[in-house]
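Good morning, everyone. Please look at the screen, and we'll talk about charged pairs.

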Amino acid sequence: MKILVTAGPTREKIDPVRFLSNASSGKMGYAIASCAAQRGHEVVLISGPVALPAPEKVRRIDVGSAAEMYDAVAAEFPLCDILIMAAAVADYRVAEPFPEKLKKMPGEFVLTLERTTDILSEMGKRKRPGQRLVGFAAESCDLLRYAQEKLAKKNLDWIAANCLADGFGTDSNRIILISRDGKKAELGPAPKAEIARQMLDAIL
Ligand code: CTP
């Protein structure tokens, strides 16, 4: 199968040297990409800026912003059987990034943000019969309710729900994998490589 995986954070430019981002390490997405490639699948990994080497036998496409990740996913999605969106994509970008480095000024500084495109929702609309979509939901409260809402709203086949305290930026994770027909499987707590194996067992 051809499996498309996204991983890591995105960076939304404020000026030439500053950006908005988040603390995603990329480890969960890289573990999934690596495990799928070891099993002989054709894997494309679309990665935000992270400090990890490309897993063996994986074609990695490096991107910076949410818009760049969208373009890369949109180009690869028609060719893939499964898209697993493990990336922590920014929901907002700076409406008008500054072309020159900002100088500090007295008083408050207000930055106007605008929404980015929701990549997963878009691919949910374009999904062909036979294609599968897997999303992640990192929540700090009401985990199952929010995850199930995202699964339905974005037209997903599975959602991997995790509490922020369990997996963001760390080496291990604990996930509740929820399928479209409402089945739930608890994975972990375990190292991300093990979670990746269990996720792929369930999905494939
Ligand atoms: N996602 C995406 N494109 C975005 C934002 C998120 O594809 N612009 C994907 C993520 O990769 C993840 C899932 O959507 O698989 C997360 O869902 P989302 O509703 O964006 O969760 P949060 O970012 O936590 O946002 P919310 O404030 O709605 O909880």
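Glu122 and Lys125 meet through their side chains in a salt bridge, 3.2 Å from N to O. A salt bridge here is a side-chain nitrogen of Lys or Arg within 4 Å of a carboxyl oxygen of Asp or Glu. Both residues sit in helix H3 (residues 119–126), 3 residues apart, so about one helical turn separates them. Helices (H or I, at least four residues) and strands (E, at least two) are DSSP runs, numbered from the N terminus. Lys125 is exposed, at 64% relative accessible area. Buried means under 20%, exposed over 50%, and partly exposed in between (1.4 Å probe, protein chains only).

A word on the source. This is a predicted model: local features need pLDDT of at least 70, side-chain atom pairs count only at pLDDT 80 or more, and totals for chains, interfaces and linings use all residues. Residues are numbered from 1 along each chain as its sequence is written, and side-chain values use heavy atoms, leaving out hydrogens and water.

How many salt bridges does the rule give? The count is 16.

One of them joins Arg93 and Glu114, 2.8 Å from N to O. Arg93 lies in strand S7 (residues 92–94) and Glu114 in strand S8, so this pair ties together parts 21 residues apart in sequence. Arg93 is partly exposed at 28%. Glu114 is partly exposed too, at 32%.

Next, Glu139 and Lys150. Their closest N and O atoms are 2.6 Å apart. Glu139 is in strand S9 (residues 132–139), and Lys150 is in helix H4 (residues 143–153). Is Glu139 buried or exposed? Glu139 is buried, at 9%. Lys150 is partly exposed, at 28%.
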